[in-house]
Amino acid sequence: MARHAEREQAEKREKAEKACRRAEELFVAGHVRSAHREAIRAKQLCPSLPGVANAVAAYEVHAAAGGGWRAILAIRHGGGAATQDAIKKEYRRLSLLVHPDKARSCPAAEGAFKLLRQACEEGLSKAASGRDTSPTPRRAAAPPVPRASTAPPPAPVMQPMYYNMPREPMLIYCPSCKNEYKAKIGRLEQQAGMKCARCPEWLSPPWQKKPPARKEPTAAPGRQVFQCPAKCPECEAEYKSKVSVGRWCLKCKECNKSSMVDVQGPDQATVTIRKRA
């Protein structure tokens with residue numbers, strides 16, 4: 001009985017893998033909706049297949065691209081004006097699914113992530129300016145009858161408020177994985193946040209800075225911590241570092257010279273100039 005269940009599960013997983021490969025082929029050929037259906041079929045066959053949920057979300061974003069920013073962010077019409085918090089929430093949820101780092105095997109992930117960025121920018125722009133007061137789509141009005149007089153030039157298409165704005169490089173520190181890396185930060189990241197490039201953590205402003213490394217010893221039972229009693233052999237300035245009994249490599253804050261200090265106690269220490277090769 002158990003072997004039969006395992007065999008059946010293996011067959012479903014094999015079919016799901018074939019459906020994922022078929023979805024990739026359809027997407028590359030330009031059949032986005034067919035690729036989305038194949039990915040949904042793969043998820044129904046084997047929900048635990050690695051990357052299938054990410055692929056479904058990526059194909060869904062591409063399939064909704066023609067319906068505007070609300071369709072891309074899966075924000076329904078008729079529920080009133082979308083708030084900035086609702087837009088940021090949906091952007092964060094979908095970004096964690098279609099981020100290229102999370103869906104590396106899906107060819108639609110990178111394009112879906114760019115579509116999400118543009119949709120979030122447009123949605124935040126309209127929510128901030130109050131132009132999203134009538135989200136329910138209306139029927140297009142009949143075109144006016146052309147007159148003999150010269151028609152006015154068409155109004156320029158308004159781009160989203162944050163569209164194509166430059167992003168500046170900035171050092172970002174993640175308190176979850178303890179990594180610091182350089183990322184490009186724009187107006188969208190300043191408002192909605194971003195995913196950490198090293199772990200699945202979602203980072204939001206204000207951005208944290210990497211805490212300074214602790215070079216001073218910590219007090220413990222049987223160990224005394226005190227200020228170094230020695231002086232720099234180069235400039236005769238007193239060391240400001242906290243030390244304990246032992247051998248330390250200290251850098252003078254006045255002349256930036258490093259020396260080896262052999263500390264015997266709070267009042268006794270021997271300094272040796274550190275020679276570089």
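Reply: Strands β8 and β9 form a hairpin, with two residues between them. This is a predicted model, in which local features need pLDDT of at least 70 and side-chain atom pairs count only at pLDDT 80 or more, while totals for chains, interfaces and linings use all residues. Residues are numbered from 1 along each chain as its sequence is written, and side-chain values use heavy atoms, leaving out hydrogens and water.

Me: How do you know that β8 and β9 are paired?
Reply: Strands are DSSP runs of E, at least two residues long, and helices are runs of H or I of at least four, both numbered from the N terminus. Two strands pair if DSSP finds at least two bridges between them. Six bridges join β8 (258-265) to β9 (268-273), so they pair, and they run antiparallel. Serine 259, for example, has isoleucine 273 in β9 as its bridge partner.

Me: Why is alanine 74 called partly exposed?
Reply: Buried means under 20% relative accessible area, exposed means over 50%, and partly exposed is in between (1.4 Å probe, protein chains only). Alanine 74 has 44%, so it counts as partly exposed. Its place is in the loop between α4 (69-72) and α5 (84-98).

Me: And what makes glutamate 236 exposed?
Reply: Its relative accessible area is 53%, which is over 50%, so glutamate 236 is exposed. Glutamate 236 lies in the loop between β5 and β6 (242-243), and its phi is near 65 degrees, a positive value in a residue other than glycine.

Me: What makes a set of residues a nonpolar core?
Reply: The members are buried Ala, Val, Leu, Ile, Met, Phe, Trp, Tyr and Cys residues joined through side-chain atoms within 4.5 Å. The largest such core has 33 residues, and Tyr59 and Cys106 are among those that touch the most other members. Its largest share, seven residues, comes from α6 (109-129).

Me: Which stretch has pLDDT below 50, and how many contacts does the model give it?
Reply: pLDDT is the predictor's confidence in each residue, from 0 to 100. The chain's mean is 80, but over residues 133-143 the pLDDT is below 50. That stretch has eight contacts (heavy atoms within 4.5 Å) beyond near neighbours in sequence. Where pLDDT is low, the predicted coordinates should not be read in detail.
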